[in-house]
Amino acid sequence: MSHLLHLDSSARADSITRRLGAMFVETWQSAGGGRVTYRDLAVETPPAIREGWTGICESLLREGITDIDQYPQAVRTEEEREAWKIVEPLLAEVVAADVILIGAPMYNFGVPASLKAWIDQVTFPKMVLAPRRFVVLSARGGAYGPGTPREPFDHQGRYLLDFFRGHYAVEHADIINTEMVNALVDPTLSHLSAQHHESSTSAIFTTKDLALRLSNYSIRRGD
């Protein structure tokens, strides 16, 4: 049975990414999806990585340890043990999941600091998380899609895709964008509200469709 890890990172209690995430989970469960683990990174933000974490990384590289189950072998000093107390429960949630669902609004052209803190804590050298599936639910104030004037400023979606590929060996991830959100609050962008509505409607449809398609997705684990 499929296991979903659902992460929220929006600073808003009632945000587009939170609503889309709840919609994904509801659809997932109604279609027979299995266990859901939820973590609100904005409410319970992981601390920044410190020297103990870097020591673990160096030992993993030096000794060629790539099996996640063997990571504890690289935890030796008191600083590293303190770092591992933070890492262990977060990483266990990732390893147990078949699908990782991330609510990630664009803040200042990038991802929320709370999400970046989580990424730092659960990332180690030469990790392989494939064939787990990653789904990102995104909301952006403007339009950053291909061919738009602000496409070069997208350090959110493009960063996450590059990160999943470069650090987790996950070649494909799904990113569902809701764009022109600022048209709802900025009078100078009100003429673009129809563009936002179109984007929002598409995101809702795609979110539900993807939840249905992934509700029974599970990776093959060794016996």
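Helices and strands here are runs assigned by DSSP and numbered from the N terminus. In those terms, Pro 131 is found in the loop between α4 and β4 (133-139). The model is a predicted one.

**Backbone features in loops**

The peptide bond that leads from Ala 130 into Pro 131 is cis, and its omega is near 10 degrees.

**The contact of α2 with α3**

Helix α2 covers residues 51-63 and helix α3 covers residues 78-96. The two pack with their axes 7 Å apart, at an angle of about 95 degrees. Angles of 65 to 115 degrees count as roughly perpendicular, and α2 and α3 are therefore roughly perpendicular to each other. On the α2 side the contact is made by Glu 51, Gly 52, Trp 53, Gly 55 and Ile 56. The α3 side supplies Glu 79, Glu 80, Ala 83, Trp 84 and Val 87. By type, the residues of this contact are five nonpolar, two polar and three charged.

**Ser 114 in helix α4**

Ser 114 is placed in helix α4, which spans residues 113-121. With 9% relative accessibility, Ser 114 counts as buried. Leaving aside residues up to four places away in sequence, Ser 114 touches Ser 9, Leu 41, Ala 42, Thr 45 and Pro 46.

**The largest pocket**

What is the volume of the largest pocket? The volume is about 380 Å³. The pocket is lined by 17 residues, of which Arg 12, Ile 16, Ala 139, Val 181 and Asn 182 are the closest to its centre. Helix α1 (residues 16-30) gives the largest share of the lining, three residues. Sorted by type, the lining holds eight nonpolar, five polar and four charged residues.

Notes. Residues numbered from 1 in each chain as written. Predicted model: local features only at pLDDT ≥ 70, side-chain atom pairs only at ≥ 80, totals over all residues. Heavy atoms only, no water. 1 Å grid on protein atoms, 1.4 Å probe; cavity = no way out; pocket = protein on both sides within 12 Å on 5 of 7 lines; lining within 4 Å. Points joined across faces, edges and corners; volume = space filled by probe spheres on them. Helix = DSSP H or I, 4+ residues; strand = E, 2+ residues; numbered from the N terminus. Nonpolar A, V, L, I, M, F, W, Y, C, P; charged D, E, K, R; others polar. Axes fitted to C-alpha atoms, helices over the stretch in contact; angles between N-to-C directions. Parallel < 35°, antiparallel > 145°, perpendicular 65-115°, else oblique. Contact = heavy atoms within 4.5 Å. Buried < 20%, exposed > 50% of the residue type's maximum accessible area, 1.4 Å probe, protein only.
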